[in-house]
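Here's a quick briefing to read alongside the model on your screen. Keep the viewer open and click through the residues as they come up.

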Amino acid sequence: MDREDRNPGITAHMSAYISIRRHELGLSLDQVAERSGSSKAHIWALEHRKSKNPTLWLILALCDALQCSLNSLIGVDVSQPMFSEKEMALIDAHRRIFTGVRHETGA
């Protein structure tokens, strides 16, 4: 049974990045597998978008193996949380309410 790809954009970026970065460093599939504690077949599958939704532990191990940041590997800036428009509206409403309450109480 094929697992659903929860984020095809990240999967596409990561597969290309692993291959490009591996070649930049002159590493074989075996070397990346050994450095990341994975198998050659799994690294190949990641490069070819056959493996989806790798574990956080593997992603972090790949960052070490490929000498790169998490942002570079997945192609997303993870330093700030990502919120939907609805979530941002809720946060803004909460801030307005909280700010109003603070001013009313003199805090």
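What follows is a short tour of the salt bridges, a pocket, a surface patch and a few backbone details.

Bear in mind that this is a predicted model. A search of the whole structure turns up 3 salt bridges, and the largest pocket has a volume of about 220 Å³. There's also a nonpolar surface patch of about 360 Å².

**Salt bridges**

- As a reminder, side chains of opposite charge can pair when their charged atoms come close.
- Start with Arg 22 and Glu 47, which form a salt bridge with their closest N and O atoms 2.5 Å apart. This pair ties together distant parts of the chain, with Arg 22 in helix H1 and Glu 47 in helix H3 (residues 40–47), 25 residues apart.
- Are the two partners buried or exposed? Arg 22 counts as buried because its relative accessibility is 9%, under the 20% cut-off. Glu 47 is buried too, at 11%.
- Glu 24 and Arg 21 also meet through their side chains in a salt bridge, at 3.2 Å from N to O. They sit 3 residues apart in helix H1, so about one helical turn separates them.
- Arg 95 and Asp 92 make another salt bridge, with the closest N and O atoms 3.8 Å apart. Both are in helix H6 (residues 85–105), and being 3 residues apart puts about one helical turn between them.
- Asp 92 is partly exposed, with a relative accessible area of 32%.

**The largest pocket**

- In general, rolling a probe the size of a water molecule over the atoms shows where empty space is left.
- Here the largest pocket comes out at about 220 Å³. It is lined by 14 residues, and the ones closest to its centre are Ile 10, Thr 11, Asn 53, Pro 54 and Ile 59.
- Which helix gives the most to the lining? That's helix H1 (residues 8–24), with 4 residues.

**The nonpolar surface patch**

- Leu 56, Trp 57 and Leu 60 make up the patch of about 360 Å².
- Trp 57 belongs to helix H4 (residues 56–65). With a relative accessible area of 67%, Trp 57 is exposed, because that value is over the 50% cut-off.

**Backbone details in the loops**

- Arg 49 isn't a glycine, yet has a positive phi of about 60 degrees. You'll find Arg 49 in the loop between H3 and H4, where its relative accessibility of 38% makes it partly exposed.
- Gln 67 is another non-glycine residue with a positive phi, about 50 degrees in this case. Gln 67 lies in the loop between H4 and helix H5 (70–74), and at 51% relative accessibility it counts as exposed.

**A histidine to look up**

- His 23 is part of helix H1 and counts as exposed, at 52% relative accessibility.
- How far apart are His 23 and Ile 43 in space? Their C-alpha atoms are 13 Å apart, and the two residues are 20 residues apart in sequence.

How values were computed:
Residues numbered from 1 in each chain as written. Predicted model: local features only at pLDDT ≥ 70, side-chain atom pairs only at ≥ 80, totals over all residues. Heavy atoms only, no water. 1 Å grid on protein atoms, 1.4 Å probe; cavity = no way out; pocket = protein on both sides within 12 Å on 5 of 7 lines; lining within 4 Å. Points joined across faces, edges and corners; volume = space filled by probe spheres on them. Helix = DSSP H or I, 4+ residues; strand = E, 2+ residues; numbered from the N terminus. Patch = residues over 30% accessible without salt bridge, like charges linked within 9 Å, V, L, I, M, F, W, Y side chains within 5 Å. Areas by Shrake-Rupley, 256 points an atom, 1.4 Å probe, with all protein chains shown as cover. Salt bridge = Lys/Arg side-chain N within 4 Å of Asp/Glu carboxyl O. Buried < 20%, exposed > 50% of the residue type's maximum accessible area, 1.4 Å probe, protein only.
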